[in-house]
Amino acid sequence: MRFSELSSYLERLEKTASRNQMTEILAEFLGKLSVDEVDKACYLVLGRLGPLYETVEFNLAEKMMIRVLAEAFGVDDKEAWQRYKGTGDLGVVAEQLRVSFGRSELRGGLSVEEVFAKLLEIAGAEGTGSQEVKVLKMAELLRSLGSLSNRYVTRIPLGQLRLGFSDVTLIDALSWVFKGDKSVSDEIRAKFNICPDIGLLAVKLRRKGLRDLKEVELAVGHPIRSALAERLPSAEKIVEKLGKFAVEPKVDGLRVQIHLSKSSKFKAQSSKSDNQNDLFGKESGIDPDVLVRIFSRNMADSTHMFPEIVVAAQKLPVESAILDGEAIAFNPDTEEFLPFQETMQRKRKYRVVEKSKKIPLKVFVFDILFLNGRSLLDESFVERRKGLEGVVRGGVIELIRHQVVSSQDKLRELFDLYISEGLEGVMCKKLDTPYQAGARNFDWIKYKRGTEGKGLPDTVDGLVLGYYAGRGQRAKFGVGAFLVGVYNSDSDIFETVAKVGTGLTDSQWEEFMKRVKGLQVKDRPKQYLIDKALTCDFWVRPGLVVEIDADEITRSPVHTAGRDLEVEEVRDSGMSLRFPRLVCFREKQLEEVTTAKEILAMYRMQKK
Ligand code: AMP
């Protein structure tokens, strides 16, 4: 397919807000692609150059893009800036400049694969002079494309393609291509949960249809989507739900999925496998021949954050494994766990080895998904735990404590014990269930400090959708309140659940403004479903997650959360948080935002 044709599809997608129409357009588009190009096309329409977990950074920000436009179309930087100020969109500026440059409606033109390859090359330019190389190559690419293609290809490196859908909608569209409806969406999504690479799944489907898809298995080196926990408000309810179950401490750190392979075959396959030494330096004690990759809950490769985990994992007595656990910082003198913020310090890019000596970490592993070449996903929790006990010996990587209980008293006793140790609460786990990648259900139930007897059984991780200008006292910050949304995973949109305007300290308001800087957009993103009464003064694209506490969940005529879930309780209304207040800014990602269904489950819980 020519890139110009892909651009026409992008234009059609940009023009519609209807989820069904988007799915249909995407299905038509996907149906026209060949096996060789379908993966690249999937990444491109999502504004990326690979699967979610292999983010390719362009390092080509707005300022540099202005230079690109000036270079490409022979105007000076000032003119490009001026036009940018007028339109607020460099994609549109590129399109306009391309038209003025002449011969903008090229016949034929570059193919999708060619443009993809050029973008990869631009992103990959490194070292001295690489900025210049990026500018020149990007300018050349823009000149060789037509005007509409210019609009979209300019937005991709800027991270501004944002057509209002995610991998979830593409999964539905793939189902449409093969069945003419959404009937195999669940099957595709189940594979996406253990292999979150939409491009790869599309290639498999294109090649041999669903038969090829069946062969998709989890593999060392590719993250799988983490299993998540539901919540219940009391020990009584948990015992009622689970009967006999395992109790583990809930550790408040960072989720880590540790992938390990000692096989040389694997090393040869992995493009990143030889840079472990580069990552930490020779003195770190890392064995360059044993591959370790550590992924966060959002599937980001976080290996660079944890040199001591890499070393410890390499010493495990196995050929290959995938472990699931939580890393937490501790004070080496007192052995006490440190608050989440301290663990977060590892998120820095530089001098991690030094930091790891000052504030060491431990990982508490609670699950094993793969062992010596075999997937354990379908084994029961009890069997997986047995496997885990044979692998983990303690030290930096430690087995999480674990007790099987069946009474409220015992559960409360453990809860109190863990809270007294500074932990967050407990995780209760069903004994006979498989590992359900990407699922949040009652196989795992979290029971956290401060939630018993309260209106809400848990805090809400919401997405900041926009904010309102401050008046009076707040005018000095430029914000008086902000709008918070939850995620509707069925329709791939964000719905509003609270307007937060109280409970922030002056420094939190300042921090709010700092954090939204760079995320602000001119128009309301299409993925937001907002009642007119709540229209914001400033819009914020998906990027800032906040933890919100509240007194209860009530039905609301203006908030949209759950409005289209089609359930009796919230028919013709949405749900909202009563007396919402900010707990903290979270480092969480979009995938972790509380869903409308979870809000509904909490709403139902309060009624019982
Ligand atoms: P939450 O972020 O409140 O939804 O809680 C779920 C998170 O708790 C998981 O993603 C893990 O990062 C973390 N966690 C802490 N301890 C455990 C445990 N024992 N089992 C599973 N997850 C745990």
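## A bridge in the sheet

In β11, N441 is the bridge partner of A229. Strands here are DSSP runs of E with at least two residues, and helices are runs of H or I with at least four, numbered from the N terminus. β11 covers residues 440–448 and is joined to β1 by four bridges. The two strands run parallel.

The model is predicted: local features need pLDDT of at least 70, side-chain atom pairs count only at pLDDT 80 or more, and totals for chains, interfaces and linings use all residues. Residues are numbered from 1 along each chain as its sequence is written, and side-chain values use heavy atoms, with hydrogens and water left out.

## The whole sheet

The sheet is open and has five strands, in the order β1-β11-β10-β2-β9. Pairing is mixed; two strands pair if DSSP finds at least two bridges between them. β1 (228–231) and β9 (403–405) stand at the edges. Each has a single partner strand, so one side of each lacks a neighbour in the sheet. From one strand to the next, the twist averages 40°. Axes are lines fitted to C-alpha atoms, for helices over the stretch in contact, and angles run from 0 to 180 degrees between N-to-C directions.

## Helices across the strands

Helix α14 (residues 235–242) lies across β2 (245–250), β10 (425–430) and β11. Its angle to β11 is about 155°. Helix α21 (residues 408–420) lies across β2, β9, β10 and β11. The angle of α21 to β10 is about 140°. Contact means heavy atoms within 4.5 Å.

## The ligand shell

## Polar contacts and burial

A polar contact is a pair of N or O atoms within 3.5 Å. A ligand nitrogen is 3.1 Å from a polar backbone atom of P249. A ligand oxygen is 2.8 Å from a side-chain N or O atom of R255. For R297, a side-chain N or O atom is 3.0 Å from a ligand oxygen.

Taken alone, the ligand exposes 500 Å², and the protein buries 94% of that. Areas come from the Shrake-Rupley method with a 1.4 Å probe.

Notes: Polar contact = N/O pair within 3.5 Å; in protein donor to acceptor, adjacent residues only side chain to side chain.
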